[in-house]
Amino acid sequence: MWMDHVAARLCFLLAAVFVGRFTVNSFVVVTRRNKLVQPIVPYSRYKSQLFLEKSEAALRKVIADRNVNKVNEDRYIVLDGETLEQAEPATSINASDLVLDHITTNGSQQQQQDQEEISLLLSNLEKISSPRAYPIFVAEKAAEFAESTWTGLVQMLAPSKAGTGAATSTTNGNDKTDKERVVILGTGWSAASLVKDIDTSLFDVTVISPRNYFVFTPMLAGASVGTVEVRSITEPIRKINRHVQFLEATATNIHPERQTVACESVVCGSNSLCCEIEEFTVDYDRLVVTVGAQTNTFGIPGVREHCNFLKQVEDARRIRTALVNCLERANLPGLSDDEKRNDLTFVVIGAGPTGIEFAAELRDFIEQDGPRYYPELLRFVRIKVIEASSTVLAPFDKSLQQEAIHRLKDAPRIRDPATLALFPERFELTELLLESSVKEVTEKKIVLGDGQEIPYGMAVWAAGNGPLPITLQMIEALGQEQTNLQPTARGRIATDPWLRALGGKGKILALGDCSYMVKGALPATGQVAAQQGEYLARIMNHKFDLSPPLFKGIFLPPVKNPAITKTFLSDSIAGLATKNSKFAKPFQFLNLGILAYTGGFTALAQMTPVPNVPIKSSGKVGNLLWRSVYLNKQVSWRNRFLVLNDWVRRTWFGRDITRL
């Protein structure tokens with residue numbers, strides 16, 4: 001008997017020690033390895049999330065949730081696929097607005113000669129920043145392609161000199177180096193292009209991002225239903241350029257005066273169940289902000305809580321799981337036909353390129369793999385596409401928009417006669433609800449502006465973009481030059497034609513979806529972002545001075561130093577158009593066209609080799625172009641092989657519905 005008492009007391013003591021240790025360890029959430037001053041978050045705000053669970057996934061979610069803007073989202077609306085014509089141009093913007101830091105004049109004391117010199121300079125800058133003539137611009141891009149091809153061949157055949165860049169890369173961003181320290185925030189389209197082309201023998205490059213890979217976002221819709229695997233469309237950022245230092249962390253604050261970036265990261269021990277959030281700072285000489293944008297809910301109640309988004313790899317995985325969940329739930333016994341119909345109603349909110357391509361991929365899954373796995377359930381499936389405007393795919397020509405609508409409303413293309421016989425007459429798999437706004441989203445219903453309620457099993461929100469908190473903080477830190485332009489920039493960092501953030505004195509540049517070029521607004525697409533990254537890499541590699549000294553109070557464009565700046569044929573061609581050989585050419589977007597998959601091995605293609613003269617294609621030919629372009633645009637041969645393999649595997653064996 002006494003042994004039982006002893007055993008009981010020992011168990012009690014062990015339990016007390018365990019609980020006490022757990023309680024003590026629970027309060028050690030933040031470490032400050034680099035002598036930071038501020039705590040990472042207020043103690044009370046995240047106590048319930050951090051102290052009850054310290055797994056890697058839980059802490060990553062805490063950081064991600066903290067870095068999502070949920071306030072005044074309706075002020076920062078940028079529609080999915082917004083075109084050049086739809087982008088609201090900044091009013092009363094000229095060269096003087098873009099380059100003036102301050103002009104110190106004394107009215108009557110200012111000499112007439114200085115006034116004339118300033119006026120002439122501003123007039124020249126206005127000409128330089130204007131779009132170059134299209135034939136000259138195309139010749140310039142052809143020369144750039146030839147130059148980059150030649151440079152690539154030389155690098156392949158000659159011993160690499162970039163290794164010295166890796167040797168001086170810093171592990172925490174604070175060590176001294178002879179090279180200019182370039183910090184890149186993000187691993188999206190513009191960051192990947194910049195990282196791929198930047199010369200690491202000239203710059204000490206550090207990339208900071210919560211994800212350590214680039215993702216080919218146009219194919220996320222296919223990944224969300226299993227057409228391709230997510231690993232097939234991702235590439236490690238370290239592999240894109242092996243001489244670039246990468247830090248897996250989230251930038252939380254930027255201090256332009258101190259030229260530092262505050263970051264936080266999840267650090268784990270021997271397993272992913274006992275982790276901590278660590279914060280640190282990184283110093284920079286030049287900061288490139290390419291953080292992209294978040295999904296904008298327009299402030300509509302319930303969207304963030306109940307809808308799936310389609311912007312990250314995690315979103316595609318979540319949708320893929322939710323899709324199979326709906327089908328398996330509807331297959332349980334005891335459900336009425338109405339309950340099955342509600343569970344199998346899939347709602348897509350937003351008829352831009354993202355929404356239409358997801359609806360098309362979802363329809364392919366239902367038509368091609370549904371008869372194989374769920375033949376008895378297909379007659380209950382409904383796909384509803386909700387769009388607030390009067391049409392779909394706003395960037396496309398009217399005829400291609402009508403072609404997309406026709407494809408969406410087409411009868412189900414199911415080859416199995418036995419499954420097709422189960423469908424009711426005049427069955428519509430896809431319903432398009434145009435000029436229908438969403439008022440509220442609840443757990444089981446979507447309420448439209450006219451009061452109509454749509455029961456659903458899964459909803460995907462693909463309606464537009466909005467700024468991340470780090471972008472809004474950057475705008476505020478840069479001062480009045482940024483805030484004055486926000487009525488048109490709508491939560492994006494305003495830049496000059498050389499991609500330098502206004503108010504940043506050339507030390508801060510912004511690219512991609514988080515940026516807004518005030519002279520010539522551009523659509524928020526991967527094509528624009530990739531070209532911006534390539535452009536910035538070129539002018540940095542050619543050693544243009546991005547932060548030249550003021551000239552009579554005027555902040556000049558990037559200046560050529562004849563002693564060190566490299567001049568290439570493409571620069572000379574651009575100089576013919578701008579009549580300038582002193583300054584770097586401004587960024588100009590070359591619109592190569594737009595593509596959209598419409599399901600059933602059909603796609604839309606709209607190419608613009610000549611401005612305002614689009615070449616249009618649809619159906620099987622459009623699908624061939626879509627697949628060829630997307631396969632070619634993959635960042636590596638590994639990705640091309642994997643995507644091609646996924647397409648072949650899907651054709652032979654169907655999509656995988658396994659839930660792991």
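Does C514 count as buried or exposed, given its relative accessibility? At 2% relative accessibility, C514 counts as buried, a value that, like every other in these legends, comes from a predicted model.

**View 1. Cysteines and the disulfide of the predicted model.**
The structure holds one disulfide, which joins C268 to C275 with an S to S distance of 2.1 Å. Because the torsion about the S-S bond of C268 and C275 is about 100°, this disulfide is right-handed.

**View 2**
Strand 9, made up of residues 260-268, is mostly covered, since seven of its nine residues are buried. Strand 8 (residues 250-255) pairs with strand 9 in the antiparallel sense over five bridges, and H255 stands opposite T260 of strand 9. The hairpin of strand 8 and strand 9 has four residues between the strands, and there Q259 takes a positive phi near 55°. Strand 9 is also joined by nine bridges to strand 10 (residues 275-283), and these two strands run antiparallel. In that pairing T260 stands opposite D283 of strand 10, and the hairpin formed by strand 9 and strand 10 has six residues between them.

The 12 residues of helix 15 (residues 398-409) should span 16 Å at 1.5 Å a residue, and the end C-alpha atoms of the helix are 17 Å apart, which agrees. Within helix 15, the residues L400, Q401, A404, I405, R407 and L408 are buried. They cover an arc of only 160° around the axis, and therefore lie on the same side of helix 15. An α-helix has 3.6 residues a turn, so residues three or four places apart point the same way. On the other side of helix 15, K398, Q402 and K409 are exposed. The buried residues of helix 15 pack against several elements, including helix 14 (353-373), strand 15 (430-433), strand 25 (602-610) and helix 22 (619-632).

**View 2. Helix 8 and the elements packed against it.**
Helix 8 (residues 189-197) is mostly covered, with seven of its nine residues buried. The buried residues of helix 8 are W189, S190, A191, A192, S193, L194 and V195. They pack against strand 3 (180-185), strand 4 (203-209), strand 5 (213-215), helix 10 (237-240), strand 11 (286-289) and helix 20 (526-541).

**View 3. The nonpolar cores and the contacts of I184.**
The largest nonpolar core has 109 residues, and those with the most contacts inside it are I184, I233, L344 and F358. The largest share of this core, nine residues, is contributed by helix 12 (residues 313-330). Apart from it lies another core, of 24 residues, among them V183, L468, A501 and A510. When its neighbours within four places in sequence are left aside, I184 is in contact with A191, L194, V195, V205, T206, V207, I208, V288 and T290.

Notes. Residues are numbered from 1 along each chain as its sequence is written. This is a predicted model: local features need pLDDT of at least 70, side-chain atom pairs count only at pLDDT 80 or more; totals for chains, interfaces and linings use all residues. Side-chain values use heavy atoms; hydrogens and water are left out. The expected span of a helix is 1.5 Å times one less than its number of residues. Buried means under 20% relative accessible area, exposed over 50%, partly exposed in between (1.4 Å probe, protein chains only). The arc is that of the directions from the helix axis to the C-beta atoms. Contact means heavy atoms within 4.5 Å. Two strands pair if DSSP finds at least two bridges between them. A disulfide is a pair of cysteine sulfur atoms within 2.5 Å. A nonpolar core is a set of buried Ala, Val, Leu, Ile, Met, Phe, Trp, Tyr and Cys residues joined through side-chain atoms within 4.5 Å.
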